[in-house]
Amino acid sequence: MPELPEVETVRRGLNQLTLSQEITGGDVLLDRTIAYPFSVDEFLAKIKGSAIASWHRRGKYLLAELSPPSPGWLGVHLRMTGQLLWLQQNEPLHKHTRVRLFFGNQQELRFVDQRTFGQMWWVPPGVPVESIITGLAKLAVDPFSPEFTVEYLANKLQKSRRPIKTALLDQSIVAGLGNIYADEALFKSGILPTTLCTDLQKKQIEPLRTAIIQVLSASIAAGGTTFSNFLNVKGVNGNYGGEAWVYNRTGEPCKVCGNVIGRIKLGGRSSHFCSQCQM
Ligand SMILES: [Zn+2]
């Protein structure tokens with residue numbers, strides 16, 4: 001699943017490649033990719049003739065600001081397997097192509113999505129994007145925003161009786177933090193994933209906040225180094241897999257203490273940890 005760093009890498013790539021070029025048309029191959037409330041025909045009619053002024057990210061949502069004649073927003077959520085590819089229109093269609101947006105010079109922004117959970121929205125001008133892309137309304141602050149303070153995190157967590165790992169995956173607490181980075185941030189801050197939020201000590205919150213920002217930044221930086229390949233981003237482990245401290249390293253030695261990395265299920269998700277480095 002693409003996590004925040006992959007989505008951020010895609011956003012940066014889109015900002016380099018797709019801006020200020022007229023959208024000349026499109027083709028929707030899977031109707032339900034276009035999310036309520038607009039029909040496929042309305043969606044295509046509304047975005048035609050616009051250009052993308054800039055791409056933004058909120059959590060794992062990508063938001064393209066559209067310029068006149070039809071301003072408003074184009075929203076994209078990649079979900080499990082969505083990929084946005086910038087291609088020539090004559091490139092053979094992938095089996096899982098869902099939406100094609102055509103630009104000048106025979107170029108195309110192609111949405112490929114094997115599992116079909118990905119979605120696209122058109123948001124009319126003057127309407128709050130949250131009123132159409134309702135998932136945005138539930139999003140918490142972004143880990144890179146100035147509002148993501150120690151106080152904010154402490155306040156959100158002290159109300160939760162869940163294990164810290166489960167709470168970190170809650171998009172209403174931290175936006176865009178997924179399984180890989182939650183495991184890594186807990187390792188770096190020395191907190192066991194099973195620790196109940198109510199049992200967290202105040203002095204543990206600051207290292208946790210710092211670790212969340214660090215692991216995400218490191219991954220974005222790694223995504224940046226292979227930037228020209230962003231079109232091929234599979235969104236599975238990002239570029240972080242090879243550098244992970246604990247994620248997907250069950251049974252391997254801890255890189256810090258040599259203890260065997262363990263794995264448990266929490267809230268249906270695998271959690272990887274070192275029982276010596278994390279308490
Ligand atoms: Zn260890």
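This is a predicted model: local features need pLDDT of at least 70, side-chain atom pairs count only at pLDDT 80 or more; totals for chains, interfaces and linings use all residues.

Me: OK, metal site then. Which residues coordinate the zinc ion?
Reply: Four cysteines do it through their SG atoms: Cys 254, Cys 257, Cys 274 and Cys 277, at 2.2 to 2.4 Å.

Me: And what's the geometry of the site of the zinc ion?
Reply: Tetrahedral, with angles of 98 to 114 degrees among the four donor atoms. For reference, the ideal angle for four tetrahedral donors is 109.5 degrees.

Me: What spacing do the donors follow along the chain?
Reply: The pattern is C-x2-C-x16-C-x2-C. Cys 254 and Cys 274 link distant parts of the chain, 20 residues apart. Cys 254 is in the loop between α7 (202–225) and β9 (262–266), while Cys 274 is in the segment after β10 (269–273).

Me: Is Cys 254 buried or exposed?
Reply: Buried, because its relative accessibility is 5%, which is under the 20% cut-off. Cys 274 counts as buried too, with a relative accessible area of 0%.

Me: Switching topic. Where does Met 120 sit?
Reply: In strand β8, residues 119–123. Met 120 has 1% relative accessibility, so it counts as buried.

Me: What does Met 120 touch?
Reply: Leaving out residues up to four places away in sequence, its contacts are Thr 33, Ile 34, Ala 35, Phe 43, Gly 75, Val 76, Leu 84, Val 99 and Phe 111. Also, the C-alpha atoms of Met 120 and Leu 74 are 7.1 Å apart, though the two residues are 46 apart in sequence.

Me: What about Met 80, where is that found?
Reply: Met 80 is in the loop between β4 (72–77) and β5 (82–88). Its relative accessibility is 30%, so Met 80 counts as partly exposed.

Me: Which residues form a nonpolar patch on the surface with Met 80?
Reply: Met 1 and Phe 117. Together the three have about 260 Å² of accessible area.

Me: Last one, helix α6. How many of its residues are buried?
Reply: Nine of the ten in α6 (residues 179–188), so the helix is largely enclosed by the rest of the structure. Among the buried ones are Asn 179, Asp 183 and Glu 184, as well as Ile 180, Tyr 181 and Phe 187.

Me: And what follows α6?
Reply: Gly 190, with a positive phi near 70 degrees.

Terms used: Residues are numbered from 1 along each chain as its sequence is written. Side-chain values use heavy atoms; hydrogens and water are left out. Helices (H or I, at least four residues) and strands (E, at least two) are DSSP runs, numbered from the N terminus. Buried means under 20% relative accessible area, exposed over 50%, partly exposed in between (1.4 Å probe, protein chains only). Contact means heavy atoms within 4.5 Å. Patches are made of residues with over 30% relative accessible area and no salt bridge: like charges are joined within 9 Å, nonpolar side chains (Val, Leu, Ile, Met, Phe, Trp, Tyr) within 5 Å. Accessible areas come from the Shrake-Rupley method with a 1.4 Å probe; for residues, only the protein chains shown count as cover. A salt bridge is a side-chain nitrogen of Lys or Arg within 4 Å of a carboxyl oxygen of Asp or Glu. Donors are N, O and S atoms within 2.8 Å of the metal (3.2 Å for Na, K and Ca); water is not among the atoms, so sites may look incomplete. Four donors count as tetrahedral if all angles lie between 85 and 135 degrees; four count as square planar and six as octahedral if opposite donors are over 155 degrees apart and all others between 65 and 115; anything else is irregular.
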